[in-house]
Amino acid sequence: MKSIIQITILILFIYPSTISAQEKLNISLDNSCSYYGEKIVDDVYSFNSTDEAEEIVGRIVKIVGLEQNFDIKSANVPNALATIKNGSRLILYSQNFILNIKNATGTDWSGISILAHEIGHHLNGHTIISGGSRPNLELQADKFSGFVAAKLGASLSDAQAAISKFSSKSGSSTHPPKSARLEAIAIGWNQGNSGSKPPSEPEPVRESSNEKENVISNTTTTARIIYTGDNYGCGLPIQITIGNKTFTPNNNSFEVSGIPLGTQKYSIQGQINCPAIGGCSASGQGTLNISENATFYISWQNVSFGQCNIWLQPG
Ligand SMILES: [Zn+2]
């Protein structure tokens, strides 16, 4: 199995499947990641990816149980990056860089792990939050890369080859130091070898700091639940419990009666499904102070692989 993968990888990136006209791209740096954190200064032109690159990306996605819905293109980027363009998940890689790093590291795994890192950004939802690269997001993508490398049969040093060779020892405002990135890959690699699920690191659940006993009052009110939406057409099939009342909002600006007044605990469970960029399972809980005819807004945030926090904010 390993040798088949390696043979496939040997021809990866070398033979373009078709030669096509290049396309100039407007890349938003706000939500893109470049592997070592370089700035993208030139105009970016993209070219068709190789069949082999597509195949490797397909294999990475399959090994974590997902469908391949990325656009992959080679481009004049510093190394590789993940971004969203026109609502689609895009991975750009420099064929030139991949060939160079393969020579420098002596292993095809360096290119694979870079692609896996960029896919890790997409699957962790980093490309839909603004602000670009940040050290903790880079470490999540590195962990994913290590996980995937292990699943595909790489040794730990193979999985770490790309970072070992060129990553900055001291890091930057956007990218962690080399030692932290090597550690993150090792953790992911270990999880991949122990048969566990893809790395996830749920953040602490948001709760009100003023935690009180749940008060079930005799009086109820009608509340309104609103989702102001997102840029990706996401649907939110979720179930909400406030106090002793459980309901499933089936339209936006959802009116629900029988919500107990006063300080109430609430919880939310469900999914967030975004046609262009994938989804996550969503959960959250907290405490709300319910007044007469209260309005609450739904917010959510992707926190790790396939996982989102979701919560209610008083209007
Ligand atoms: Zn990155």
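Mentor: A disulfide is counted here when two cysteine sulfur atoms lie within 2.5 Å. In general terms, the link is a covalent bond between the sulfur atoms of two cysteines. The model is predicted, so local features are taken only at pLDDT of at least 70 and side-chain atom pairs only at pLDDT 80 or more, while totals for chains, interfaces and linings use all residues. Residues are numbered from 1 along each chain as its sequence is written, and side-chain values use heavy atoms, without hydrogens or water.

Cys 280 and Cys 308 form the bond, with their sulfur atoms 2.0 Å apart. The torsion about the S-S bond is about -105 degrees, and the disulfide is therefore left-handed. The pair links distant parts of the chain: Cys 280 belongs to strand β12 and Cys 308 to strand β14, residues 307-314, so that 28 residues separate the two. Strands are DSSP runs of E with at least two residues, helices are runs of H or I with at least four, and both are numbered from the N terminus.

The loop between β12 and β13 contains Asn 293. At 55% relative accessibility, Asn 293 counts as exposed, and its phi is near 50 degrees, a positive value in a residue other than glycine.

A pocket is an open set of points on a 1 Å grid over the protein atoms alone, where a 1.4 Å probe fits and protein lies on both sides within 12 Å along at least five of seven lines; lining residues have an atom within 4 Å of a point. About 310 Å³ of space lies in the largest pocket. Its lining has 20 residues, and the closest to the centre are Arg 89, Leu 123, Ile 277, Gly 278 and Gly 279. Strand β12, residues 278-290, is one of the elements that supply at least two lining residues each, together with helix α4 (109-123) and strands β11 (262-274) and β13 (295-304). The most comes from β12, with three residues. Domain 1 (2-193) and domain 2 (220-314) both give residues to the lining, and the pocket therefore lies between them; the domain bounds come from an automatic or database assignment.

Helix α4 deserves a brief look as well. Ile 119 lies in this helix and is buried, with a relative accessible area of 0%. The C-alpha atoms of Ile 119 and Phe 144 are separated by 8.4 Å, although these residues are 25 apart along the chain.

One further position may be set beside these. Gly 153 lies in the loop between α5 (135-151) and α6 (156-166), and at 28% relative accessibility it counts as partly exposed.

Terms used:
Points joined across faces, edges and corners; volume = space filled by probe spheres on them. Buried < 20%, exposed > 50% of the residue type's maximum accessible area, 1.4 Å probe, protein only.
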